[in-house]
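I opened the notebook with one plan: pick a stretch of chain, look around it, and write down what turns up.

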Amino acid sequence: MKDKIKDILYSVCDDERVYEDGIDLLEEVIDSMALIELISILEEEFSIVVSPTEIPLDSLRTIDGITEFVEGKISENE
């Protein structure tokens, strides 16, 4: 799942730094428009629903954080 999320993020941001470990994605890669697109694609790709009030900005700083968030949303749906 982590590699798939990296590929999605790359397709949204067109920035190879998404593949680097330790990068703060919100500070260096994801802008506000990319964030909206990322959430939309994650919802579609993983069949989850993310309301605007539950977007965990701290979780979106790393690929691991995004992966954990998506996995949590998937488990909520099961």
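Entry 1. I began just after helix 3, where Ser47 takes a positive phi of about 55 degrees. A reminder to myself: this is a predicted model.

Entry 2. I then went to the other end of the helix. At the start of helix 3, I found a side-chain oxygen of Asp31 within 3.2 Å of the backbone nitrogen of Met33.

Entry 3. Next came a length check on helix 3, residues 32-46. At 1.5 Å a residue, its 15 residues should span 21 Å, and I read 21 Å between the end C-alpha atoms, which agrees.

Entry 4. Which residues of helix 3 are buried? I listed Ala34, Leu35, Leu38, Ile39, Leu42 and Phe46. Looking down the axis, I saw that these buried residues fall within an arc of 135 degrees, so they line one face of helix 3. The face turned away from that buried side carries Met33, Ile36 and Glu44, which are exposed.

Entry 5. What do the buried residues of helix 3 pack against? My answer is helix 1 (2-13) and helix 4 (63-77).

Entry 6. I looked up the largest nonpolar core and noted 24 residues. Leu9, Leu25, Ile30, Leu42, Ile66 and Val70 have the most contacts inside it. Helix 1, helix 2 (25-28), helix 3 and helix 4 each supply at least two residues of this core, and the largest share, six residues, comes from helix 3.

Entry 7. Last, I picked Ile66 and listed its neighbours, leaving out residues up to four places away in sequence. Ile66 touches Ile5, Leu9, Leu25, Leu38, Leu42, Ser59 and Leu60.

Conventions: Residues numbered from 1 in each chain as written. Predicted model: local features only at pLDDT ≥ 70, side-chain atom pairs only at ≥ 80, totals over all residues. Heavy atoms only, no water. Helix = DSSP H or I, 4+ residues; strand = E, 2+ residues; numbered from the N terminus. Expected span 1.5 Å × (residues − 1). Buried < 20%, exposed > 50% of the residue type's maximum accessible area, 1.4 Å probe, protein only. Arc of directions from axis to C-beta. Contact = heavy atoms within 4.5 Å. Polar contact = N/O pair within 3.5 Å; in protein donor to acceptor, adjacent residues only side chain to side chain. Core = buried A, V, L, I, M, F, W, Y, C linked by side-chain atoms within 4.5 Å.
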